[in-house]
Amino acid sequence: MFSKSKINDPSPQKADPAKSAGHDKPQDAPKPAAHSGDYKAAAPKAKPPTSILSSDLHVTGNMKTTGDIQVEGTVEGDIRAHLLTIGETATIKGEVIADDVVINGRIVGRVRGLKVRLASTARVEGDVIHKTIAIESGAHFEGSVQRQDDPLNPKGKAADPAPTSGSAPTPNKSAEPKRD
């Protein structure tokens, strides 16, 4: 009977191979694209775990990451990260730049962060440039505190040359008419 239905309807046979051939090509093309798209979409979503520098580790040099770092040891150099946690046993000698800085240990150097928190066990010797700051009772701090909207980018260096060059021509122009 199955053979008879195919013989009786020649148009479905012609349409079925055309449809199946047409479906095979589009199905094959989207599958690799969808698979590669799924792979690419999954890769950026995975957040790497926090890097932990143990208390017996001594690092000399700069560190930079877009992830999170927890320091329990000693670092002589600058650190740049997304979230930086300075443990109670940690000592940092250098500049610290992070979106979020939690200080439980010792830092000798400048701290730049959108959100800076000095815990009661913190010891900071240096300037803190921040958007928001919290200093717990008992924290030891020697330095200045300055609020900036974007503390991660040093604006002072870029802003100083522009006003100097812009204001230099103005006094010269005003000085020339007074001489005449």
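What follows is a chat about salt bridges and a histidine in this predicted model.

Q: Salt bridges to begin with: how many does the count come to?
A: The count comes to five salt bridges.

Q: Which residue does arginine 112 pair with, and how far apart are the closest N and O atoms?
A: Arginine 112 forms a salt bridge with glutamate 95, with the closest N and O atoms 3.3 Å apart.

Q: Where do arginine 112 and glutamate 95 lie?
A: Arginine 112 is in strand S10, residues 111–118. Glutamate 95 is in the loop between strand S7 (91–93) and strand S8 (96–103), so the pair ties together parts that are 17 residues apart in sequence.

Q: And is arginine 112 buried or exposed?
A: Buried: its relative accessible area is 7%, and the cut-off for buried is under 20%.

Q: OK, next pair. What does glutamate 125 meet in a salt bridge?
A: Glutamate 125 meets the side chain of arginine 106, at 3.3 Å from N to O. The two are 19 residues apart, with glutamate 125 in strand S11 (residues 123–125) and arginine 106 in strand S9 (residues 106–108).

Q: What's the relative accessible area of glutamate 125? And what about arginine 106?
A: Glutamate 125 has 32%, which makes it partly exposed. Arginine 106 also counts as partly exposed, at 30% relative accessibility.

Q: What about arginine 117, which glutamate does it bridge to?
A: Arginine 117 forms a salt bridge with glutamate 136, the closest N and O atoms being 3.9 Å apart. This pair links distant parts of the chain: arginine 117 sits in strand S10, while glutamate 136 is in the loop between S12 and strand S13 (140–142), 19 residues away.

Q: How accessible are arginine 117 and glutamate 136?
A: Arginine 117 is partly exposed at 36% relative accessibility, and glutamate 136 is partly exposed with a relative accessible area of 36%.

Q: Which residues do salt bridges with shared partners join into one network?
A: Glu95, Arg110 and Arg112.

Q: Changing topic: where does histidine 130 lie?
A: Histidine 130 is in strand S12, which covers residues 128–135.

Q: Buried or exposed, that histidine 130?
A: Histidine 130 is buried, with a relative accessible area of 6%.

Q: What does histidine 130 touch?
A: Leaving out residues up to four places away in sequence, histidine 130 touches Gly113, Leu114, Val116, Val145, Gln146, Arg147, Gln148 and Pro151.

Q: And which backbone nitrogen does the side chain of histidine 130 reach?
A: The one of threonine 132, at 3.5 Å.

Key. Residues are numbered from 1 along each chain as its sequence is written. This is a predicted model: local features need pLDDT of at least 70, side-chain atom pairs count only at pLDDT 80 or more; totals for chains, interfaces and linings use all residues. Side-chain values use heavy atoms; hydrogens and water are left out. Helices (H or I, at least four residues) and strands (E, at least two) are DSSP runs, numbered from the N terminus. Buried means under 20% relative accessible area, exposed over 50%, partly exposed in between (1.4 Å probe, protein chains only). A polar contact is a pair of N or O atoms within 3.5 Å; within protein, one must be able to donate a hydrogen and the other to accept it, and residues adjacent in sequence count only if both atoms are side-chain atoms. Contact means heavy atoms within 4.5 Å. A salt bridge is a side-chain nitrogen of Lys or Arg within 4 Å of a carboxyl oxygen of Asp or Glu.
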